[in-house]
Amino acid sequence: MYQYDHHDQTIVNERAAQFREQTRRFLAGELTEDQYRPLRLMNGLYIQRHAPMLRVAIPYGLLSSRQLRMLAHIARTYDRGYGHFTTRQNIQYNWPQLEQVPDILDCLASVQMHAIQTSGNCIRNTTSDHLAGVAADELEDPRPYCEIIRQWSTLHPEFAFLPRKFKIAVSGAERDRAATQVHDIGLQLVRNAEGRAGFEVLVGGGLGRTPIIGVVIRPFLEKEDLLSYLEAILRVYNQLGRRDNKYKARIKILVKETGIETFSRLVEDEWNLIRDSIKLDAQEIERVTRDFKTRQYQTLPTSDAQVETLLAGNKEFAAWHRRNTVDHKQPGYRAVFISLKPHGKPPGDMTDAQMDAVADIIDRYSFGEIRVTHTQNLVLADVETRKLPELWKELSSLELATANVGTATDMITCPGLEFCSLANAASIPVANGIQTLFDDMDYLYDLGEIRINISGCMNGCGHHTVGHIGILGVDKKGEEWYQITLGGSSANEASLGERLGPSVARHEVTGVMEKIFLTFKDLREGEESFLETVRRTGIEPFQERVYENH
Amino acid sequence: MKIIKSGHIVEDQWTHLDGESALPSGASVTVGLDRLETLPESERQIVSQLGVRIGPDEDVTRVKAHLHQLDLVVLAMNPFTDGRSFSQARILREQLGFRGEIRASGDFLRDQMYYLHRLGVNSFEFAGGTDLNDRLKAFSEFSVTYQAAQDEPQPLYRRRG
């Protein structure tokens, strides 16, 4: 992974020192709450329902064992012994004390980490494919470009006070695992007619209150023009994006109101003025890429006798292997998911003890690195196939081998009413309620791949609009109600979910989900996935079943 | 009144004229952007120095035709969260080639001065009672920058080593 040199380290150290001084000024009354707010947000610090919430950046979701141990230390020392992994591949702490946040930033800086621009109206953490560098369907590893964008956007003097937050995702594979179509800018590595790699650029996607699928603004962008083109889009947005209404301030609204033709002409005009002055050097791409190519893979057989025996004779291992491991481009290796969705626990949470244990495990099994997925799980990207049985045993003993990745109980949820001051309704208890339908894991596996996403309010942090099943909490006269949508997806064929019907009361959600699953089983043809069935039949049969007695 | 200019605390020479009041002869005077565009040549000649004030919602490229007569462009920031002034500074320096004084005034935070300085803002006008010596420290909070800007012609990737 990318290693800081003294320049990178100095910036992070100086930012931590600056934030310590800003916090001191606030506590001394030299800064008002209104003045301190954007400053603390740009360092990931929210004031939430119970306590401040600190969001720590995990650039493109990649962590070393040393960094994971530091996250465990912070959870233990400054929080209540756990952290919460987010849909943007970051980690949040829900219980730190404001006065101690500068100390936490110093801890982070000591392991080349920070909380820079994890909130606020600025360029946020650049996200990517959790299988980057190991996926067989990859054209090129997207992470060097994420790191280059991270550096370009860090403390960018012009774009710290944008109309609204700004999120960039980069994918380098055929299958889009980075949800590039629902980001302010999505970058997809592609080859042009001459076979040269560059970027397809999408703009104006996003979730939240007005979910919109991004549109292509440039089918092919040379790598050397990456930063100048990003800068052109950001400058147009910074000047023309709406500032009168925070709900209409994202770039997606500007693109929609301006029209993509006019918007792209504005960007191209701006770009033509600056493209020659901001060239990304090939040497810099090579320098950063080198840090992501340190793997010394062994030549190993594709299969392993012990693994084959267990697959044939041990149902639990076979289920885990099927659900929680995927192919690797290198024969004899697999990528292994750690599910952070054990039934009955808050999705995405991890204790300090689990973090420490996993840090030791990745040192032994996966080159000392781990990735956070945007579905709030973890990935050990480089595990030798022959070591899967012992890894499975170790993860099982830590309660980290729940074999449900990609299934109905692997839900994305926002923190919801218990933690978030924006939420209208609970998320985590709703997820746990749905999980109670699956005491029988065979029933879960029968349903196959289903993405269920839950948000506690229309801001949509749980990405409900792109869930195969989306659940949105709404407030109805002080009570928690839920709107259900079907047919959303953030993958290549991205789509927004269609509303099933009137919202249902909290105590009805689990029953409604059961009806949806039963309807799917009745309608399913062959090995169709839930999404394929919904796309084939439409939502009507589901509506009829769910609302038959209403 | 004292201001910070080019990293030093100095006495301000400028008068900011509101409305349509007559331009004082031989003075250093700023007017609003609308007035600048209709200001007769005769009036431009009676002042010793001419400047313009631009709000965040005004198109900065409107000053292009007048830049050869301008010694000062004031970016009237309000509220401090409105980041358009930052792009205005950059466009003035990099695209319109303005070499005179660019000043931040109005509602801005000490914590924004470093960014503004990087973009080519070289003077800062504060509300009364501000500790200017304290504000001077804002320029030295960072010793390394990733991006090229007015204070550093090359991005960090061409300066590593």
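Helices (H or I, at least four residues) and strands (E, at least two) are taken as DSSP runs and numbered from the N terminus. The structure described here is a predicted model. In chain A, the loop between α12 (352–365) and β14 (369–372) holds A:Phe367, a residue other than glycine whose phi is positive, near 55°. A:Phe367 has 19 C-beta neighbours inside 10 Å and therefore counts as partly exposed, given that a residue is buried if 20 or more other C-beta atoms lie within that distance. A phi near 55° is also found at A:Gln117, again a positive value in a residue other than glycine. A:Gln117 belongs to the loop between α4 (101–109) and β6 (127–128) of chain A. With 26 other C-beta atoms within 10 Å, A:Gln117 is buried. In general, most residues other than glycine have a negative phi, and most peptide bonds are trans. In chain B, the peptide bond between B:Asn78 and B:Pro79 is cis, with omega about -10°. B:Pro79 lies in the loop between β6 and α3 of that chain.

Chain A is divided into four parts: domain 1 (6–109), domain 2 (134–289), domain 3 (305–397) and domain 4 (412–546). The centres of domain 1 and domain 2 of chain A, taken over C-alpha atoms, are separated by 27 Å. Five residues from domain 1 and seven residues from domain 2 of chain A take part in the contact between these domains. On the side of domain 1 of chain A that touches domain 2, the residues comprise five nonpolar, no polar and no charged.

The largest nonpolar core contains 153 residues. Residues with the most contacts inside this core are A:Val201, A:Ile233, A:Val379 and A:Leu380, together with B:Val73 and B:Leu75. Helix α6 (residues 226–240) of chain A contributes nine residues, the largest share of this core. When residues up to four places away in sequence are not counted, A:Leu380 touches A:Ala335, A:Val336, A:Ile362, A:Tyr365, A:Ser366 and A:Ile370. A second, separate core has 40 residues, among them A:Ala431, A:Val509, A:Ile516 and A:Val534.

Helix α11 (residues 315–324) of chain A has A:Phe317, A:Trp320, A:His321, A:Arg323 and A:Asn324 as its buried residues. These buried residues pack against α10 (305–313), β11 (325–327), β12 (333–338) and α13 (388–397) of chain A.

Further along chain A, strands β18 (residues 469–476) and β19 (residues 479–486) pair in the antiparallel sense over eight bridges. Within this pairing, A:Ile471 has A:Ile484 of β19(A) as its bridge partner. β18(A) and β19(A) form a hairpin with two residues between them, and A:Lys477 in the turn has a positive phi of about 50°. β19(A) also pairs with strand β21 (residues 504–505) of chain A, in the antiparallel sense and over two bridges. In that pairing, A:Trp481 stands opposite A:Ala505 of β21(A). Strand β20 (residues 498–499) of chain A likewise runs antiparallel to β19(A), to which two bridges join it. A:Glu498 in β20(A) is the bridge partner of A:Leu486.

In chain B, eight strands form an open sheet of mixed pairing, in the order β2-β1-β8-β7-β6-β5-β4-β3. β2 (8–11) and β3 (14–16) of chain B stand at the edges with a single partner strand each, so one side of each is left without a neighbour in the sheet. Strand β1 (residues 2–5) and strand β8 (residues 123–124) of chain B pair in the antiparallel sense over two bridges, and B:Phe124 in β8(B) is the bridge partner of B:Ile4. α3(B) lies across β5 (49–54), β6 (72–77) and β7 (101–106) of chain B and runs at about 165° to β6(B).

Between the chains, 24 residues of chain B are in contact with 27 residues of chain A. On the side of chain B that touches chain A, α3 (84–95) and α4 (110–118) of chain B each supply at least two residues. α3(B) gives the most to this side, with five residues. By class, the side of chain B that touches chain A has ten nonpolar, six polar and eight charged residues.

Conventions. Residues numbered from 1 in each chain as written. Chains lettered and ligands numbered in written order. Predicted model: local features only at pLDDT ≥ 70, side-chain atom pairs only at ≥ 80, totals over all residues. Contact = placed C-beta atoms within 7 Å. Nonpolar A, V, L, I, M, F, W, Y, C, P; charged D, E, K, R; others polar. Core = buried A, V, L, I, M, F, W, Y, C linked by C-beta atoms within 7 Å. Buried ≥ 20, exposed ≤ 12 C-beta atoms within 10 Å, placed from the backbone. Domains from an automatic or database assignment. Pairing = 2+ DSSP bridges. Axes fitted to C-alpha atoms, helices over the stretch in contact; angles between N-to-C directions.
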